[in-house]
Amino acid sequence: MIQTTQLSKKYGKAEVLNIESLEIPTGQSFGLVGNNGAGKTTYFNMLLDLIRPTTGAITNHDIVVNQSEDWKNFTGSFIDESFLIGYLTPDEYFDFIGDLRGMNKADVKVFLTQFGEFFNDEVLGKKKYLRALSKGNQKKAGIIAAMMGSPKVVILDEPFANLDPTTQIRLKKILKTLTDNKAVTVLVSSHDLSHVTEVCERIVVLDKGHLVKDIETSQETLKELERYFSV
Amino acid sequence: MISHFLSLEWKQFFRSSSFSKSVGAKILIGFFALYFTAGFLLIGIGGYWILKKQFPEQDPLVLVNSFLMYVIVADLMFRYLMQKLPVMNIKPLLVLPIQKSKIVHFILIKSSLSFFNIMGLFFYVPFSVVLITEGYSLEGVLGWLASMILIIQSINFFNFLVNKNNSVLVALLLLLIFGYLIQYFNWFDLPGFIGQGFDAVYQSPILSLLFLCMVIGLYMVNFKQLRSEVYLDALISEQTKEINSADLSFLERLGDLAPFIKNDLRLMWRNKRTKSSVWMIAMGLLYGLFFYPNPMYADMEFIYVLVGIFSTGTLLINFGQFIPAWDSGYYNMLMSQNFKYERYLKSKFTIMTISVVALFVLGIPYVYFGWKVLLVHFAAMIYNVGVNTHVILYGGTFNRKRINLDEKAAFNFQGTGAVQWIIGIPLMILPMAIFGLINWLIGFEIATVTIAVMGFVGIALHKKLMATITKKYITNKYVMIHAFNQEN
C-alpha cells in the first residue's frame, strides 16, 4: 500500500504538485497520465525520495520514504537513462544491480532467462557498453533491472516510449503477469492512453499538479480519457 | 550565412554553462595560455641573440632551419593527440537549408584559426622582426615567415587526414627516431638537408609559393573527404568498437564492497576523462625525480614530505577529489538502490588505500636517494591512509558539479570548484608545515614519527570519521541529486 497525504511541491512560488490524498493498494496496477508538466515524474521522484516534498509525505508499505530508507529493499524503479551506468555492459549492469538486491550471479542468470524474448537478442551478451545501445535497448535494460530482486513495488516512468511495437506488446504482457497474483504493485506513467488503459486497473489523471480524475479501468475508460484530453 | 555561423559560435562559447560558472578554472586556463604565449614570445624575441651567443660561428637562421624538421614532426604528433576536427556540433545544421559545402568550408576555415595554429606565430613573427632589424633581407625573411605560416596550416590540414589512421602516427614516430639516429651517427644530415631547403626559401622567397600550393592541395583533399562524409553515419557518429570486459572476479573476496570497487575500476578504464587520469599516476610516481637528483633540495627535508604525499597519493588525489561526482551521471539510480551509504564510501576508501600502499611499494626504489627519503615516504603513506583519505571524502560532500565522463581530461576543469583548490591545504601543505617545523625545532626522526602518528590516529578513528562523513553525505543528498541533474 502506498499512501500519499497532503503532498505538495513548490519551486519558489510555482506549485508543481499538490495531491490531497492518494491511496494505492498492494497489488494494484496503477497508471498515471497527464500532459507535459502535469507532475508525473515529480511524483515518482518524490516516491523515490530523490526530491523532497514541500509539505506532506508518501508512505510506502508503512515506511515514510523521506524518513527511512528501508523502502529501498522492496522498490524497483526506472525513471530515465540516468538510471543506467553508461560504461558498463548490460550484463555487468545486471550483475551490479543484482548484487545490490541480494542476488548472486546464478540468480541473475536465471532471472534474465525469462526475458530472452523481450531483449530480442539485442541486449544480453553483446560486447557493447550501455551508452552505445539505442534508446530503446537502453530502456529494455532499465525496465528489467527495475524488476530484479522480487520487489513489492515497481515504478516505471514512460516505459512504452522509445520501444518498438513488438516490444511494447511484450512489455504489456510482462507487466500483466507481474500483477497477476496481486502481490506486486506496479506504477506506470505514460502519454499513450491505449497502453495504460490496457495495462492498468486504475488510472489517475494529473493536470498541472492536481489530481483531476481517478478512474477504475473499464471498457469506456479509453473513450473517456480521449474525450478529456481532446480539448 | 557566415555571420550566422559566427553568431552561433559566439553563443556557444559564452552560453556554455562552464563559462559562467567556474571563474577559478578560467583564470587558471588563462594563466596557462598566457604562460605559453609569453614563453614563445620571449624565445621569439630573444632567440636570435641566444643562438648567436651559444653558437657564435653559425647563422641563427640556418640553425633554426636545421631544427625545423623536428619541430614539424613534433607539432604533427602533438596535434594528432590533442586536436580533433570540431564536427560534432554541426548535426543540427544538416537538415537546414544550408549547402553542405558551405558547412564544410566553415569547419575547415575555423580549424585553421585554432589556438594550435596561432601559438607558433608568437615565436615566428618576433623572430622574423628581429632578423629584419639585424639586417637580413626583407623579402627573404618575409618569404621565410610566409612559408612557416603556410607550413603550420599544412600541418593543421594534414593532421585531420592522418587523424583517422593510427599507422600514420607510428610512421611519424619512426621517422622522428630515424631522423634522430641519422643525426646521431652522422650518416646523413637529414634535418640539415631539410634545413637547407628552408635556407633556399630565404635566398629565393618565390619558393614559398610551393608551400601555398601544398596548403591549397591539402585543403582540397580535406574538403573532398569531409564533403563526402557529412552524413550521420560517417563523420558525426562515433564508431562503437567491440569491447572486451576483463574478468574482475578476483575482487569478489572484498565481500560486499566488491560490486562498487569493480565498478570504479571499470569507470577508470572505460571513460575518456578517467583514462587520462590513470596516466597521471605514472607522472605522480616519478614526481620525486624532479627534486631528488637536484643537490639544491638535498637539505630541504620537508620536500620529502611533499613528494611522499604526492607520489603515494596521486590516485587518492586525482580520483578522490571528484567523489561522488564520478557517479553523477547515475546518482539518481544509486540513491534509489538498496544499500547503505557507508558501504559506498567504504568502497571508495578501500580503493584509495590500496592505491596508496601500492604506489608506496612501487616508489621503494627512491631509497637510492637515501634511507631518509624512504622513511619519510613511509610516514607519508600512513598519513595518506589515515588523514588524507578522510579529508578528501569529506571534501566530496561539497561537490556540486556534474562530470561528463566522455570528455577528455587534459585542460578539462569540469567538476572543479573552489573545494578542489582549498582541499590541497590540509592534504599537502599541512603535513609539510608540521614536518618542517618539528624538523627544524627538534629533529628529523621526531618529525617523521609525528607525521606517521597523525596517520595512525586517523586510522584508529576510521569508524568514527566514516560515520560523520556518511552523515554529512546523507544530509547533502538532495542538493547533490539536484546539482548532478543539471546538464552542462
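Chain A brings 25 residues to the contact and chain B brings 23, where two residues are in contact if their C-beta atoms, placed from the backbone, lie within 7 Å. Helix H2 (residues 90–100) of chain A gives the most to the side of chain A that touches chain B: four residues. By class, that side of chain A has 13 nonpolar, five polar and seven charged residues. Nonpolar covers Ala, Val, Leu, Ile, Met, Phe, Trp, Tyr, Cys and Pro; charged covers Asp, Glu, Lys and Arg; the others, Gly among them, are polar.

This is a predicted model: local features need pLDDT of at least 70, side-chain atom pairs count only at pLDDT 80 or more, and totals for chains, interfaces and linings use all residues. Residues are numbered from 1 along each chain as its sequence is written, with chains lettered from A in the order in which they are written.

The predictor gives the complex an ipTM of 0.80 and a pTM of 0.73. Chain B averages a pLDDT of 82, on a confidence scale from 0 to 100 for each residue. In chain B, confidence is lowest in helix H2 (residues 17–21), at a mean of 51, and highest in helix H20 (residues 444–460), at 93.

Now turn to strand S3 (residues 29–33) of chain A. Five of its five residues are buried, meaning 20 or more other C-beta atoms lie within 10 Å of a residue's own. A:Ser29, A:Gly31 and A:Val33 lie on one side, A:Phe30 and A:Leu32 on the other. Four bridges join S3(A) to the parallel strand S8 (residues 185–189) of chain A. There, A:Ser29 stands opposite A:Val186. Four bridges also join S3(A) to strand S9 (residues 202–207) of chain A, again parallel. A:Val33 has A:Val205 as its bridge partner in S9(A). Strands pair if DSSP finds at least two bridges between them; helices (H or I, at least four residues) and strands (E, at least two) are DSSP runs, numbered from the N terminus.

Methods
A residue is buried if 20 or more other C-beta atoms lie within 10 Å of its own, exposed if 12 or fewer, and partly exposed in between; C-beta atoms are placed from the backbone. pLDDT is the predictor's confidence in each residue, from 0 to 100.
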